[in-house]
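Please read the points below with the model open beside them. They cover the packing, the open space and a few backbone details.

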Amino acid sequence: MKRYNEHGHRVWAEVDLDDIVFNYRQAAARADNRPVCCVIKANAYGHGAVPVARALAGAGAECFAVFTPEEALQICECGGDVLMMGVMCPAAATAMADTLAQNGVILTVGDLRTAETYAKALKRRARICIELDTGMIRTGLPVGGMERVNRAVDGIMAIAAMPKFEVEGVITHFSAPEDSAEKDFTDRQESLFNEVCRELENRGLNVKRRHCSSSAAVLTRVDAIANMVRPGIMLCGYGAGIELRPAMSLRARIIQVQRIKKGVSVGYGRSWRAPRDSVIATVSAGYADGLHRVMSGKIHMLVRGLKAAQVGRVCMDMCMLDVTDIAGAEAGDTATIIGADGEFRITADDLAEAAHTIPYEILCAVGPRVPRLYIKDGVLTDTIAGYNTYL
């Protein structure tokens, strides 16, 4: 594999598509080889939607889920069905619904008003997925108790009767499937979802796809996977209980190294002062590249296979490391923010802990100005299938 320091990027992400495929196969196996709807919204959680979709389609994935119309149209030529899970406002629905349907995108409908707006905008028949709100209180037809089950089924049947629609699926989203203390609540969500699906069958509506299991549910509630699963963060390599491979590494160039005396302050606000004579490396990555300012002074990076503490406040484009104990550290060296170097590895979970957040946010924050380099079949390249490093 080409070494990561042989190109000229100041900061970059390496995305291992082989690891993405490995994680997809782990998710499918966990779901007893049921079909997988791969969630690749938000640019595949920062990994690059088009290369990721193409790699997964090549591995057999038959369906992809995104949130926005733009995301859906971006990947509709990558292979497999595309489900747009987001609900559009009326103006956007009027403008975009027919274009999406023309490109084969499956639209999500969670209320009668949206269905009517779509129907008016469509010039052709569209495949749709009905969303149920079984307790998330976010979007979808509300379901709670048998009275609301029947009301939701009535709503679905009314939508299915509209000539512009072909009902492709029924979905819901669990609020806290990973939390054992909320097991009763998740059980109730699952029960309501299954009751709606059974009643739809009783009324003669056979729905092709039924899914409620995100990554957390795939990992913790194998009993609740219906006839399809919907993992997202698992594909990126995050989740407990089975072997997964974090697919993204984030690295940046050291652009300056200088020696300072004990007591000298570093960075904005003089928030850190050297406790001894020190060597400080400036790294060309900051909060505009996804390195949250709240992490300041709480994280390490890897330089020459060793851990270096980040010191001072993270700036927009740069941050500083204490490399006093790393012999020979110099400008041009690589600092690994996420990923492995030598015997050490830093994960998005590690950064999330420092930022008091979740790995989703860490990965999604790696913004568009950070080039993506892709590993496929063990080879690192600046481009994949004609797409540049920024996709």
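**Notes on the model**

1. The largest nonpolar core has 76 residues, of which Leu-56, Ile-75, Tyr-118 and Ile-130 touch the most other members. A nonpolar core here is a set of buried Ala, Val, Leu, Ile, Met, Phe, Trp, Tyr and Cys residues joined through side-chain atoms within 4.5 Å. Another core lies apart from it, with 50 residues, among them Ile-106, Met-228, Val-283 and Ala-355.

2. This is a predicted model, in which local features need pLDDT of at least 70, side-chain atom pairs count only at pLDDT 80 or more, and totals for chains, interfaces and linings use all residues. Residues are numbered from 1 along each chain as its sequence is written, and side-chain values use heavy atoms, with hydrogens and water left out.

3. Leaving aside neighbours within four places in sequence, Ile-130 is in contact (heavy atoms within 4.5 Å) with Val-109, Leu-141, Ile-156, Ile-159, Val-167, Gly-169, Val-170 and Ile-171.

4. Ala-126 belongs to strand 6 (residues 126–133); strands are DSSP runs of E, at least two residues, and helices are runs of H or I, at least four, numbered from the N terminus. Ala-126 has a relative accessible area of 3% and is therefore buried (under 20%; exposed is over 50%, partly exposed in between, with a 1.4 Å probe and protein chains only). Not counting residues up to four places away in sequence, Ala-126 touches Ala-101, Leu-107, Lys-164, Phe-165 and Glu-166.

5. The largest pocket holds about 930 Å³ of space. Its lining has 34 residues, and Lys-41, Tyr-45, His-173, Ser-214 and Tyr-360 are the closest to its centre. A pocket is an open set of points on a 1 Å grid over the protein atoms alone, where a 1.4 Å probe fits, with protein on both sides within 12 Å along at least five of seven lines; lining residues have an atom within 4 Å of a point. The volume is the space filled by probe spheres set on the points, which are joined across faces, edges and corners. Helix 9 gives the largest share of the lining, four residues.

6. Helix 8 (residues 183–202) has 20 residues and should span 28 Å at 1.5 Å a residue, which agrees with the 28 Å between its end C-alpha atoms; the expected span is 1.5 Å times one less than the number of residues. Gly-204, with a positive phi near 90°, follows helix 8.

7. Asp-32 is not a glycine, yet its phi is positive, about 60°. Asp-32 sits in the loop between helix 1 (17–30) and strand 2 (37–39), and counts as exposed at 60% relative accessibility.
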